[in-house]
Amino acid sequence: MKPLFLIGYMGCGKSTLARKLARRLGVPFADTDTLVEEREGASVADVFRYEGEEHFRQAERAVLEELIAGGCAIVSTGGGLPTWRDNMERMNAVGTTVYLRRTAGQITRRLTPYGRQKRPRLQGLSDAEIVAFMERDMAAREAYYTRAHVVIDCGDCPDHELVDRILRAVKEKE
Ligand code: S3P
C-alpha cells in the first residue's frame, strides 16, 4: 500500500489514530515527533529551546525521508511539518495525505497537562490564550492542510468510527 500520512494541528489526535489504523490494518506506523526525539536524543521542547525551530524542521524532514525510503505504511506527522518548504508536495507525491480537522475549542478540551507541557508552542498559556493562539495559527496553516487528498472533520466522532471513515475515504481516492 502507498503510505498514509496523517496531518493536522497539534493535539488533533494524529498519533492515536495512526496507532489504531495500523492495528486495524496490521501494518507498521511511525510518529515523526518520536523519531526526531530519538535521532536528536532530546525532547521536542528541548530541540526547540536549544537548537531552534529551523533545526527541528530540518530534523523532521530527514525523518520524513527515512520513513518514505523505508516504506512505512502509516505516518503521524508533527503539526508544523506540512507547512515547511515542500513537505506537503513530497507527501502528496508518494502517498495519501489525510487532514484531521478539529476546532481550537475541541483540541483545547482534549489536551492533557502533559500534552500542554510537551508542546513548546503552548507553554505558559492559559486555556483562553491557547484557544486564541490556535485560532490564529490554524487559520495560517489551513491553506497547507487543505492540500491533503482527504479532509476529515472529526467533530466528536469516536476513534473507531474515525478509523472507518479514514479507510473509506482513502479507498475512494486510490
Ligand atoms: C508543532 C507540533 C508538534 C511538534 C512541535 C511543533 C507545530 O507536533 O512537532 O511541538 O509546529 O505545530 P504535534 O502536532 O504532534 O503536537
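Predicted model: local features only at pLDDT ≥ 70, side-chain atom pairs only at ≥ 80, totals over all residues.

Modeller: Residues are numbered from 1 along each chain as its sequence is written, and side-chain values use heavy atoms, with hydrogens and water left out.

Biologist: What is the order of the strands in the open sheet?

Modeller: Helices (H or I, at least four residues) and strands (E, at least two) are DSSP runs numbered from the N terminus, and two strands pair if DSSP finds at least two bridges between them. Here 5 strands form an open sheet in the order S2-S3-S1-S4-S5, with parallel pairing. S2 and strand S5 (150-153) stand at the edges with a single partner strand each, so one side of each has no neighbour in the sheet. From one strand to the next, the twist averages 20°.

Biologist: Over how many bridges do S2 and S3 pair?

Modeller: S2 and strand S3 (residues 74-76) are joined in the parallel sense over 3 bridges. Phe 29 stands opposite Ile 74 in S3.

Biologist: How should I read the packing of H2 and H4?

Modeller: Two packed helices are described by the angle between their axes and the distance between those axes. Axes are lines fitted to C-alpha atoms, for helices over the stretch in contact, and angles run from 0 to 180 degrees between N-to-C directions. The axes of H2 and H4 come within 9 Å and cross at roughly 110°. H2 and H4 are therefore roughly perpendicular to each other (65 to 115 degrees; under 35 is roughly parallel, over 145 roughly antiparallel, and the rest oblique).

Biologist: Which residues of H2 and H4 meet?

Modeller: With contact meaning heavy atoms within 4.5 Å, Thr 32, Asp 33, Leu 35, Val 36, Arg 39 and Glu 40 in H2 meet residues of H4 including His 55, Phe 56, Ala 59 and Glu 60. This contact of H2 with H4 has 6 nonpolar, 2 polar and 5 charged residues (Ala, Val, Leu, Ile, Met, Phe, Trp, Tyr, Cys and Pro count as nonpolar, Asp, Glu, Lys and Arg as charged, and the others, Gly among them, as polar).

Biologist: Are H4 and H5 roughly parallel or roughly perpendicular?

Modeller: H4 and helix H5 (residues 87-94) pack at an angle of about 5°, their axes being 12 Å apart. H4 and H5 are therefore roughly parallel to each other. Arg 61, Leu 64, Glu 65 and Ile 68 in H4 meet Asn 87, Arg 90, Met 91 and Val 94 in H5.

Biologist: What volume does the largest pocket have, and what volume the largest cavity?

Modeller: Rolling a probe the size of a water molecule over the atoms shows where empty space is left. On a 1 Å grid over the protein atoms alone, a cavity is a set of points where a 1.4 Å probe fits but cannot get out, and a pocket is an open set with protein on both sides within 12 Å along at least five of seven lines; lining residues have an atom within 4 Å of a point. The largest pocket has a volume of about 850 Å³, and the largest cavity about 30 Å³ (the space filled by probe spheres set on the points, which are joined across faces, edges and corners).

Biologist: Which residues lie nearest the centre of the largest pocket?

Modeller: Of its 37 lining residues, Gly 11, Ser 15, Asp 33, Lys 118 and Arg 119 lie nearest the centre. The lining of the largest pocket divides into 11 nonpolar, 14 polar and 12 charged residues. The lining of the largest cavity has 7 nonpolar, no polar and 2 charged residues.
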